[in-house]
Amino acid sequence: MLEPTNQAPHNNSSKNPATTQKLAQALKTVDNKELKSTGFWLNQFFMVISTIFGVYLAAQSGLEQALKFDNFSKMEDNYYLRTSLFDEVTDNVKNVSEYAELLAKSPPKSEMEYFKPTLEKYIWQTMQYSPTTLETPSELLTQIRRFYSRSEFLINAAVSRKTSAKHAASELNKIAEQLKTTTLPQLKNSAEQLKKELKQNDISVGSLKELTHAN
């Protein structure tokens, strides 16, 4: 009896060692690519976060510096305003006091009209357009406002003979003395306090103006 010449078929479950090695290498390559891809996006994520955080800190620092500059600039402006107002009111108080001396002598109406003082109010009127005006102590502004109002009323009343010259002189001396002994010293001291505070922050009066003009 003849034996069959065909060999038995190979077992499908068996694998070629070379093929198995290639498959393992391919899987390893895929895993490495995925890890590299994940690391790349994580790196990008943290880079974006750090950039945003850095920009935020820079913005906060810039805002803080801008607010400080604005605050010190307003202080400097108000120093100039108070100093100028002090000089203007000082001149007006002097003129009112001199006119009161004249009225105390009960001069004729023509003389009272001729020497009638004009109260300078350039700074006082300009202050209404300044954003730093109300940073000046309100009690000082009130006292100056009342001085202007009362002195003009008394001067006009004396000239028009609605009150005696001597009475007007007495009242003018009172309000002028109050300004000289109370309001003006307080106004000058408040201006010096602003200058002192600026100096404590290493800022000399006028330096911020120079910096602004330079820009």
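Visitor: Is Glu152 buried, partly exposed or exposed?
Guide: This is a predicted model. The relative accessible area of Glu152 is 31%. Buried needs under 20%, and exposed needs over 50%. Glu152 is therefore in the class between them: partly exposed.

Visitor: Which residue forms a salt bridge with Glu152, and how far apart are the closest N and O atoms?
Guide: A salt bridge here needs a Lys or Arg nitrogen within 4 Å of a carboxyl oxygen of Asp or Glu. The partner of Glu152 is Lys121. Their closest N and O atoms are 2.9 Å apart.

Visitor: Where do Lys121 and Glu152 lie, and how many residues apart are they?
Guide: Lys121 is in the loop between α2 (109–114) and α3 (122–126). Glu152 is in helix α4 (residues 138–159). The pair links distant parts of the chain, and the separation is 31 residues.

Visitor: Is Lys121 buried or exposed?
Guide: Its relative accessibility is 17%. The cut-off for buried is under 20%. Lys121 therefore counts as buried.

Visitor: Which parts does the salt bridge between Arg150 and Glu171 tie together?
Guide: The closest N and O atoms of Arg150 and Glu171 are 3.8 Å apart. Arg150 lies in helix α4 and Glu171 in helix α5 (residues 165–200), so the bridge ties together parts 21 residues apart in sequence. The parts are helices α4 and α5.

Visitor: Arg150 or Glu171: which is buried, and which is partly exposed?
Guide: Arg150 has a relative accessible area of 33%, so Arg150 is partly exposed. For Glu171 the value is 17%. That is under the 20% cut-off, so the buried residue is Glu171.

Visitor: Which residues are linked with Glu171 in a network of salt bridges?
Guide: Arg150 forms a salt bridge with Glu171. Lys174 also forms one with Glu171, with the closest N and O atoms 3.6 Å apart. Lys174 and Glu171 both lie in helix α5, three residues apart, about one turn of the helix. The residues linked with Glu171 are Arg150 and Lys174.

Visitor: Is Lys174 buried or exposed?
Guide: Its relative accessibility is 53%. Exposed means over 50%. Lys174 therefore counts as exposed.

Visitor: What is the area of the nonpolar surface patch that includes Val48?
Guide: Val48 is in helix α1 (residues 17–103). Val48 is partly exposed at 46% relative accessible area, and patch residues need over 30%. Val48, Ile49 and Ile52 make the patch, with an area of about 260 Å².

Notes: Residues numbered from 1 in each chain as written. Predicted model: local features only at pLDDT ≥ 70, side-chain atom pairs only at ≥ 80, totals over all residues. Heavy atoms only, no water. Patch = residues over 30% accessible without salt bridge, like charges linked within 9 Å, V, L, I, M, F, W, Y side chains within 5 Å. Areas by Shrake-Rupley, 256 points an atom, 1.4 Å probe, with all protein chains shown as cover. Salt bridge = Lys/Arg side-chain N within 4 Å of Asp/Glu carboxyl O. Helix = DSSP H or I, 4+ residues; strand = E, 2+ residues; numbered from the N terminus. Buried < 20%, exposed > 50% of the residue type's maximum accessible area, 1.4 Å probe, protein only.
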